[in-house]
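Subject: Structure for your review

Dear colleague,

Please find below the structure that I am handing over to you.

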Amino acid sequence: MTDDASTDVLIVGAGPTGLTLALDLARRGAAVRIVDKSPAHPRTSRAKGPNPRSLEILADLGVVDEVLAAGSAPLPMRVYRDHRPVAETDPWADAAPTPTARFDRPWLIAQWRLEEILRARLAGHGVHVELGREVVGLAEGAGGHHVDVTFVGGRAERARYVVGCDGAHSPVRKLLGITFEGTTAEDQVMVSGDVELDHEELGRDRWHQWFDADGAVMLCPIPGTRTGWWFQAGPERDADGRPRAPTLDGFRRLFTRHTGLPGRHLTRAELLSTYRVNVRMADRYRVGRVLLAGDAAHVHAIAGGLGMNTGIQDAFNLGWKLGQVVAGQADARLLDTYEEERLPVAAWTLDLTSHRLRATLEAIREPGGNLGSAMTPETAGLGIGYRWSGLADTRAGTGANTEAATEAGTEAATEADTATSAPHPGNHSPGDRAPDAPCRDAATGERTHLYGTFAGPHTTVLGFGPASAAVLREVAATYGEGPGVRACRVYAAREDHGTAEPGSLIDDQGHAAAAYGIGAGGSGLVVIRPDHHVGIVAPAGDPGSVREYLRRLHGAPGMVDAVR
């Protein structure tokens, strides 16, 4: 083999994390492959669906309409005690879209259906999951310019980068020798599976939850199925108190004990599993040209539904950075910011989910207590930002805070905690999630929104006020019409826009200016990263800051592949 690798990025693991990463890279033109050791695509329902932040990512990837159509809004909860309903609650009853956030609640969809949608979109880029491919060896290639990957059967292949998205038992992580420190709560056990239920009295418009002193059963209808339900329960135990393995007959006994209904109504159970609360995190996300994402890097309590979502958000953070590096538009040091930003978020997520689990276990001890206790504004994911990141401060070099980030359990976790909160107007500090805002297209007058401008594999430069026009012209001239950087003039409601450039917006309600801290009639420049986070906020008369920041993300004009 030569020192060249025809594959830019090999992704190991074809769950939502791996598929999100593959899709983001493929649309950037990277030569990406995705492999999975499973012989067939799984039909597991597992995760109940994307949260609002993941829905924004799926919108950017062009699949959110399909996801919304294939799933359903989260359901009200009906809570039972001693076989009788005792409470009805809807944790999302007061939720509503805001100018800064289009999605106000999570969405229910079976994981297999979400994966199917992502695979179809990926196939449109000519990339297909390679099944039955198990990785058993990784080695840095000669000169450090690639990774030699060995598969079962002894076949070796080459890639410039490898990303392990292969789950909590990640072979990639183990091959790298990365520790996965944490705890397993042996006494916190749940059995789960997909079941078929023919009892019509249990309406599919509710998430039914029976909590009794000696256990629980939870049944949530699976969208897109006629009789399919997610089944979760406390396990049966043997004479020594050890949890029994889940079976169809066991599910029927649990169903009868807690619901009071005949077990025969539960007609089928599959994808049975035993879940123990694991709270673990990798101490590193990168070793040379191999990286980790999703459950391969962190696992935590199920409360809040953040497992799949944190993985999707890992992938969206990593995708544009890998894309820039393999395209030769950024130095490989840009990849240091992936661990710098996402490892502290994982530490924060472990703490949040553990806290929500304790709150939920406490709540369900009382009649009427329910799983809604696991949901908080933080679990929406919209408040997560990276204010500590080297990419959030033009005075700091790329990766300047990597050492702090590796201490995520202490200092960086504290920083992450202070930078992750419910979003609000004016959240525009570098590193924050960029707020959305309703606008009008300056050319057509049609309603649109900022995230429509952000969507796609590019960085966006927003210019407010006439003083920003010169900088926007420079950006357009420097980076052209390619996918890398998009300049967007945002006009105030009464500002003359008669000669507006294509793609310009009218902030007719003032929400965009308010969200980014631009006063009425004011001016300013905001650079939005490809993953919807604020890069810098600068005065309209400061082209140098914008120029330098774009150079860090996209390289100097004409930058060649030598930096790869």
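Among contacts between residues at least 6 apart in sequence, 71% join residues at least 24 apart. Please keep in mind that the model is a predicted one.

The chain as a whole

The chain contains 14 helices and 23 strands. Its radius of gyration is 24 Å, close to the 24 Å that the globule rule gives for 564 residues, so the chain is as compact as a globular protein of that length. The accessible surface of the chain comes to about 22,700 Å², and carbon and sulfur atoms account for 50% of it.

Ser170 belongs to the loop that runs between strand S8 (156-164) and helix H5 (171-176). Is Ser170 buried or exposed? Its relative accessibility is 0%, so Ser170 counts as buried. Leaving aside neighbours within four places in sequence, Ser170 is in contact with Leu292 and Ala296. Leu292 is 122 residues away from Ser170 along the chain, yet the C-alpha atoms of the two are separated by 9.0 Å. A polar atom of the Ser170 side chain also lies 3.3 Å from the backbone nitrogen of Val172.

Asn370 is placed in the loop between helix H8 (336-363) and helix H9 (402-405). With a relative accessibility of 10%, Asn370 likewise counts as buried, because the cut-off is under 20%. Which residues does Asn370 contact, leaving aside its neighbours within four places in sequence? They are Met77, Val79, Thr89, Gln209, Phe211, Thr360 and Ile364. The side chain of Asn370 reaches the backbone nitrogen of Gly372 at 2.6 Å. His449, by contrast, is 79 residues from Asn370 in sequence and 36 Å from it in space, C-alpha to C-alpha.

Glu495 sits in the loop between strand S20 (485-492) and strand S21 (505-507). At 18% relative accessibility, Glu495 counts as buried, since the limit is under 20%. A polar atom of the Glu495 side chain lies 3.0 Å from the backbone nitrogen of Ala492. Not counting residues up to four places away in sequence, Glu495 touches Gly465, Pro466 and Arg489.

Two residues with positive phi

Asp82 has a phi near 55°, a positive value in a residue other than glycine. Asp82 is found in the loop between strand S3 (77-81) and strand S4 (84-89).

Leu271 is not a glycine either, and its phi is positive at about 55°. Where in the chain is Leu271 found? Leu271 is part of strand S13, which covers residues 266-282. With a relative accessible area of 40%, Leu271 is partly exposed, because that class lies between the limits of 20% and 50%.

With kind regards

Methods. Residues numbered from 1 in each chain as written. Predicted model: local features only at pLDDT ≥ 70, side-chain atom pairs only at ≥ 80, totals over all residues. Heavy atoms only, no water. Helix = DSSP H or I, 4+ residues; strand = E, 2+ residues; numbered from the N terminus. Rg over C-alpha atoms; globule rule 2.2 N^0.38 Å. Contact = heavy atoms within 4.5 Å. Areas by Shrake-Rupley, 256 points an atom, 1.4 Å probe, with all protein chains shown as cover. Buried < 20%, exposed > 50% of the residue type's maximum accessible area, 1.4 Å probe, protein only. Polar contact = N/O pair within 3.5 Å; in protein donor to acceptor, adjacent residues only side chain to side chain.
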